Amino acid sequence: MLMDKFGKEGILDRLTQLDDDLLSCIDNGRNVEITIVGGSALVLLELSAESRMTTDIDVMEAALQAEALLERYDMNQHATTFRFRLPENWRGRRQRVPFDGVVLEVYAPSNEDLAILKLDAYRPIDQADLKEMVNSGRLDINKLLAIVHDDVEIRVGFDDDAEWF
């Protein structure tokens, strides 16, 4: 079965619906965070072509309160497995995604960390995304190279010394 594709408005609509659901079940004074990756993150951060479509929103991390609601809005946590392939300090480089939620705060890895995920997957869509990221002028190649050449940053994705060497 082919899933419906959606773009920026569809992504924002799904995030707004999640925000509404969260607001109805938690205190307005608390914030609930999710970290998104993939095409949805690229679209909202304007790192991809305006015409970029997706069939889901890849959630790398989600607060417990949000986890049970994700599937309702074409969100999944399949990308959590890739979290272990990201450089060591990726959380310190996270960025806010433009979204005006009441309780929901949406984050994404840095542009450079998103590029690393795209390089790791390297499917045709990832290659196209990487090209668009470079063309956007918002991917710092020197910062990307510094991250991937830093032994401490990159070694985190390897399970043991045998994989590393």
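Biologist: Is Ile141 buried, partly exposed or exposed here, and how do I read that?

Modeller: Keep in mind that this is a predicted model. Ile141 has a relative accessible area of 41%, so it counts as partly exposed. As for its place in the fold, Ile141 sits in helix α6.

Biologist: Which residues form a nonpolar patch on the surface?

Modeller: For a patch, a residue needs over 30% relative accessible area. In this model Val134, Ile141, Leu145 and Val148 make one up, and together they have about 290 Å² of accessible area. Helix α6, residues 141–148, supplies the largest share of that patch, with 3 residues.

Biologist: And the inside? How many residues does the largest nonpolar core have?

Modeller: A core is built from buried nonpolar residues joined through side-chain atoms. The largest one here has 43 residues, and Leu15, Leu18, Ile34 and Ile36 have the most contacts inside it. Elements giving two or more residues to this core include α1 (8–25), β1 (32–37), α5 (124–136) and, again, α6.

Biologist: What does Ile36 touch?

Modeller: Leaving out residues up to four places away in sequence, the contacts of Ile36 include Ala41, Leu44, Ile57, Val59, Met60, Val97 and Val106. Asp58 is on that list too.

Conventions:
Residues numbered from 1 in each chain as written. Predicted model: local features only at pLDDT ≥ 70, side-chain atom pairs only at ≥ 80, totals over all residues. Heavy atoms only, no water. Patch = residues over 30% accessible without salt bridge, like charges linked within 9 Å, V, L, I, M, F, W, Y side chains within 5 Å. Areas by Shrake-Rupley, 256 points an atom, 1.4 Å probe, with all protein chains shown as cover. Salt bridge = Lys/Arg side-chain N within 4 Å of Asp/Glu carboxyl O. Helix = DSSP H or I, 4+ residues; strand = E, 2+ residues; numbered from the N terminus. Buried < 20%, exposed > 50% of the residue type's maximum accessible area, 1.4 Å probe, protein only. Core = buried A, V, L, I, M, F, W, Y, C linked by side-chain atoms within 4.5 Å. Contact = heavy atoms within 4.5 Å.
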